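Here are some notes for a first look at this structure. They cover cavities, then salt bridges.

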Amino acid sequence: MRPTAELIDLPTENFRSRIERLSETPRVTADGLPFMHKFTIAIATFVLSASAAAQVSPSAADPERMEQRIRALSEFGRNGDGGVDRVAYSDADVAGREFVSGLMREVGLTVRTDTAGNIIGRRAGTNPRLPPIMFGSHIDSVPGGGNYDGDVGVIGAIEVAQLIVERGIRLAHPIEVVVFADEEGALAGSRAMIGKLTNSALDVQSHSGLSVREGIRRIGGDPEQLELAVRRPDDIAAFIELHIEQGAVLDEADVDIGVVEGIVGIRWWDVTIEGFANHAGTTPMNQRRDALVTAAELTLAVSRIAREMPGRQVATVGRIQAFPGAPNVIPGNVVMSLEIRDLDAAKMQQVFDRITAEAARLSDARSTPIAFREIELLLQPAPTDVRMRRIISRAAAALGLSFMAMPSGAGHDAQDMATIAPTGMIFVPSVGGISHSPQEFTSATDMANGANVLLDTVLAIDGGALQ
Ligand SMILES: [Zn+2]
């Protein structure tokens with residue numbers, strides 16, 4: 001467990017009192033709240049004990065209500081395994097979108113669908129000149145998906161909006177709860193929102209069988225007028241996404257909240273190794289130019305290099321093909337993949353440089369030239385806003401929740417939003433680290449913890465924490 005104390009600035013301004021001013025009902029200390037079951041950051045304890053009002057906390061997401069809504073949402077596209085097939089633009093997606101739109105209206109938001117098919121529920125702020133604070137996630141799933149990926153962020157965002165409305169918290173900024181369209185396909189909704197959904201992406205066939213273009217039309221968008229969905233820098237005060245971790249780091253470390261440092265970048269290469277195809281019976285071992293043997297050594301080197309360098313970078317050889325691919329022929333040619341992921345583009349390059357240095361050595365030693373060709377589909381690392389990390393860390397600490405900084409190895413709409421707005425991401429634990437599976441599970445307590453951190457983050461931003 002690694003509490004990231006370095007993320008917490010000692011609170012020079014009083015975070016609590018700022019929240020109290022915003023709320024008609026002052027909050028209590030976290031003492032006695034069920035969230036106190038894990039460890040507490042000393043600083044938070046200090047801050048909280050400094051004023052011990054004993055009234056209702058605005059941070060009081062209702063775990064049962066959240067779980068009940070997650071369950072209700074899971075009925076749309078439910079499959080025999082207990083998971084969902086709610087791929088974007090399908091009947092189940094359309095029905096699920098109607099369900100969450102209804103919830104958003106119920107809690108007092110004004111709901112519209114933008115031309116990209118994103119659902120946006122808005123509540124006005126007291127200052128009409130301020131841009132909205134936006135938060136949300138997605139409800140579409142992969143085929144055979146689980147009931148928490150995306151859903152927790154949407155139900156959590158609705159919970160936060162409901163708490164704000166119910167408690168009469170007056171925010172200066174408008175709030176916008178967003179349900180992004182087609183996250184699992186191509187981040188189509190958030191891509192469109194940042195003005196980067198290309199014509200060729202619109203032609204791609206989605207899991208529903210419809211093209212993205214047809215799909216957008218089906219869910220009430222207008223692919224011919226995507227420019228109307230575009231938000232520019234300064235159009236959004238901040239974006240926050242609550243999401244399940246989809247890995248086992250938080251669960252194994254028994255930590256409540258992940259403060260996401262960013263979404264890792266991804267680079268892919270095709271690696272070609274040239275040997276000489278020859279008779280497997282008549283060619284002595286010391287006269288072979290076996291491309292597959294070199295590929296095997298290179299694969300081991302990729303794993304070793306990624307492990308030996310300090311940091312959390314990952315490198316993978318996930319596909320390998322040997323030609324001609326016969327038991328009695330020495331492989332004359334191998335094509336394999338190489339993938340590197342990290343939060344830091346320079347670090348990714350360093351890993352690649354060490355791999356190519358090792359490849360040069362191997363190709364000399366075995367007389368098997370190795371060539372790397374980078375695939376164009378390159379995902380830049382998308383670091384979250386440092387101030388947002390600090391605000392989220394502080395909110396978690398003030399709630400008595402344990403937290404740690406961590407990268408996201410999976411892609412999210414937040415990576416697009418990070419290019420136009422100060423963006424933060426809050427992770428809650430996935431039991432066993434299982435995701436994209438019917439076995440995906442996050443407890444109601446963890447979901448409520450995430451919603452509470454989201455609420456306090458929104459309140460802090462409204463109170464000027466980004467300035
Ligand atoms: Zn997701």
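**Cavities and salt bridges**

1. The model is predicted. Searching the whole structure turns up 3 cavities of 30 Å³ or more. The second largest cavity has a volume of about 40 Å³.

2. Look at the lining of that second largest cavity. Its residues include Tyr89, Asp93, Arg97, Phe180 and Ile219. Helix 4 (91-106) and strand 4 (175-180) each supply at least two lining residues. By class, the lining has 6 nonpolar and 4 charged residues, and no polar ones.

3. The count of salt bridges comes to 22. One of them joins arginine 69 and glutamate 159, at 3.9 Å from N to O. This pair links distant parts of the chain, with arginine 69 in helix 3 (residues 63-73) and glutamate 159 in helix 5 (residues 151-166), 90 residues apart. Arginine 69 is buried, because its relative accessible area of 7% is under 20%. Glutamate 159 is buried too, at 0%.

4. Arginine 86 forms a salt bridge with aspartate 151, with the closest N and O atoms 3.1 Å apart. Arginine 86 lies in the loop between helix 3 and helix 4 and aspartate 151 in helix 5, so the pair ties together parts 65 residues apart in sequence. Arginine 86 is buried at 0% relative accessible area. Aspartate 151 is buried at 1%.

5. Aspartate 91 and arginine 218 meet in a salt bridge of 2.6 Å, N to O. Aspartate 91 is in helix 4 and arginine 218 in helix 9 (residues 212-218), 127 residues apart. Aspartate 91 counts as exposed at 56% relative accessibility; arginine 218, at 39%, counts as partly exposed.

6. Finally, a network of salt bridges links Arg304, Glu308, Arg354, Glu358 and Arg361.

Technical notes. Residues numbered from 1 in each chain as written. Predicted model: local features only at pLDDT ≥ 70, side-chain atom pairs only at ≥ 80, totals over all residues. Heavy atoms only, no water. 1 Å grid on protein atoms, 1.4 Å probe; cavity = no way out; pocket = protein on both sides within 12 Å on 5 of 7 lines; lining within 4 Å. Points joined across faces, edges and corners; volume = space filled by probe spheres on them. Helix = DSSP H or I, 4+ residues; strand = E, 2+ residues; numbered from the N terminus. Nonpolar A, V, L, I, M, F, W, Y, C, P; charged D, E, K, R; others polar. Salt bridge = Lys/Arg side-chain N within 4 Å of Asp/Glu carboxyl O. Buried < 20%, exposed > 50% of the residue type's maximum accessible area, 1.4 Å probe, protein only.
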